[in-house]
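Please look at the sequence and the structure below. The briefing that follows covers a helix contact, the nonpolar cores and a sheet.

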Amino acid sequence: MTCSDSESVGGNTVDIATNHTVRDFVKDNGGHTVITRVLIANNGIAAVKEIRSVRQWAYATFGDERAIEFVAMATPEDLKVNAEYIRMADQYVEVPSGTNNNNYANVELIVDVAERTGAHAVWAGWGHASENPLLPESLRASKSKVVFIGPPGSAMRSLGDKISSTIVAQHAEVPTMPWSGDGITDTRVNEAGHLEVPDDAYHAATTHNMDEGLKQALRIGFPVMIKASEGGGGKGIRMVSKETDFASAFYQCQAEVPGSPIFIMKLAGESRHLEVQVLADQYGNAISLFGRDCSVQRRHQKIIEEAPVTIAPPETFEQMEKAAVRLAQLVGYVSAGTVEYLYTPADDKFYFLELNPRLQVEHPTTEMVSGVNLPAAQLLVSMGIPLHRIREIRHLYGLDPNGTSPIDFGFASPQSNEVQRKPRAKGHVIAVRITAENPEAGFKPSSGMMQSLNFRSSTNVWGYFSVSANGGLHEYADSQFGHIFAYGSSREQARQSMVVALKEISIRGDFRTTVEYLVRLLEMPDFRSNAFTTAWLDRLISAHLT
């Protein structure tokens, strides 16, 4: 087992769990911990997607979509706007109001609610506490040994942190952009046998004040990115093109993510933002579930996502996948994670950007081209079930879904090509994020109630929303309240299906949305011809071309 027993086995083991179909399933498939009650430490569309996906898996597996119970955390604000996820959950617990440090990001509170409600596991989704290593560590130390559905804290610290992960990438000889940690490859093997970055190496790659940062920027050469290692979602990141702008941008990053270490990295030229979806079990097995292209961004916030990757040649992207799997295995990564790269089409080169130690918002694009239910896979891995016993993974490799034979994930043996097939992505998916922002007012987020939402799913298009009629978005809610996905046999077919679906959607409420804006982007020649970069949308906005 890659994770030590103390890290991976939860309190509700197969030996002591009450008689239940889930216990039998776990036992029959080589697992060790039975999880039938999950606390969702999140809200909005993340919570909606988790409940939907696991219930879909539970019905397909047991004929009972309620085989896994969900406990939701609910703030007074979420209750007031009739949040959809609260209605969907089996039970909810009211938690304090206000910003997320009072509720969904409060580790102490999450552990307390998990203990009080008898949850066997906690799912944190994305955002909030999902990348805080203190959460898995605190749950592990809890009286009930509550399981964290995600990677162990040690892997989060090694790869979830942007500075540590870049040092680990350099150690693994994965290409990186010039940055404040150039040449630092110092790592050590911890007690669990996994790589971690010593404090002195981490310290050497960090810029501790504005003067240090400027010195590094001048060495690297402008333009540069100033990045807070704990930032994300557009916060704690600034592009600086000249020396005179550096100080104010550095202080802005510090203010947006207080206390976070900061590093400097060269700004890539005409590049694309490509991702590899990784899934790993507790026994050292890790696989790639293809990739995503998330290059359409506004101020480093993803707007449109696609799967699989089409801009890079297959042999280049395969190298990116192998590097991602290698990194995951080096640090003992477990569960779903995403390795992000910058790719420059002009010279066909890629550079490590970061690893997100959680499920990404855009993960359904991968589900649609791979056939793997990622939240369900996370749950199965957390119960100690190895990858080769997960039905959808077996099907992906051309094996009997109900079989138990091992899978040679790396095709190390020549005979493997005769008994299993190399996974192939099926079709193409384009996804768009529906947000409560006003494109005509600088994308200012807004809140309020929704009177009606009319969206018609079709054979090729589906979506999910955190708000329904007579519900709404409160002042602390994420501005994204919907995600729509269009599938096609080709990229162009997926694009056409998405445009038609967005033109038909009707949303009436107190807030503006980005729906019409998204249609304009999807119909632009650059998007249609796949000829854009990560800077494309910001250029359009600054030139008032959208």
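In this predicted model, Lys49, Glu50, Ser53, Val54 and Trp57 of helix H3 touch Pro375, Ala376, Leu379 and Leu380 of helix H15, where contact means heavy atoms within 4.5 Å. Local features need pLDDT of at least 70 and side-chain atom pairs count only at pLDDT 80 or more, while totals for chains, interfaces and linings use all residues. Residues are numbered from 1 along each chain, and side-chain values use heavy atoms, without hydrogens and water.

**Helix contact**
- The axes of H3 (residues 44-62) and H15 (residues 374-382) come within 8 Å and cross at roughly 75°.
- H3 and H15 are therefore roughly perpendicular (65 to 115 degrees).

**Nonpolar cores**
- A nonpolar core is a set of buried Ala, Val, Leu, Ile, Met, Phe, Trp, Tyr and Cys residues joined through side-chain atoms within 4.5 Å; buried means under 20% relative accessible area (1.4 Å probe, protein chains only).
- The largest nonpolar core has 86 residues, and among those with the most contacts inside it are Trp57, Leu379 and Ile393.
- H3 gives the most to this core, with 8 residues.
- Beyond its neighbours within four places in sequence, Ile393 is in contact with Leu279, Ile287, Val372, Leu387, Ile407 and Phe409.

**Sheet**
- An open sheet has 5 strands in the order E3-E2-E1-E4-E5, with parallel pairing; two strands pair if DSSP finds at least two bridges between them.
- E3 (91-94) and E5 (147-148) are at the edges with a single partner strand each, so one side of each lacks a neighbour in the sheet.
- E1 (residues 37-40) pairs with E2 (residues 69-74) over 4 bridges, and Val38 stands opposite Phe70 in E2.

Key
Axes fitted to C-alpha atoms, helices over the stretch in contact; angles between N-to-C directions. Helix = DSSP H or I, 4+ residues; strand = E, 2+ residues; numbered from the N terminus. Parallel < 35°, antiparallel > 145°, perpendicular 65-115°, else oblique. Buried < 20%, exposed > 50% of the residue type's maximum accessible area, 1.4 Å probe, protein only.
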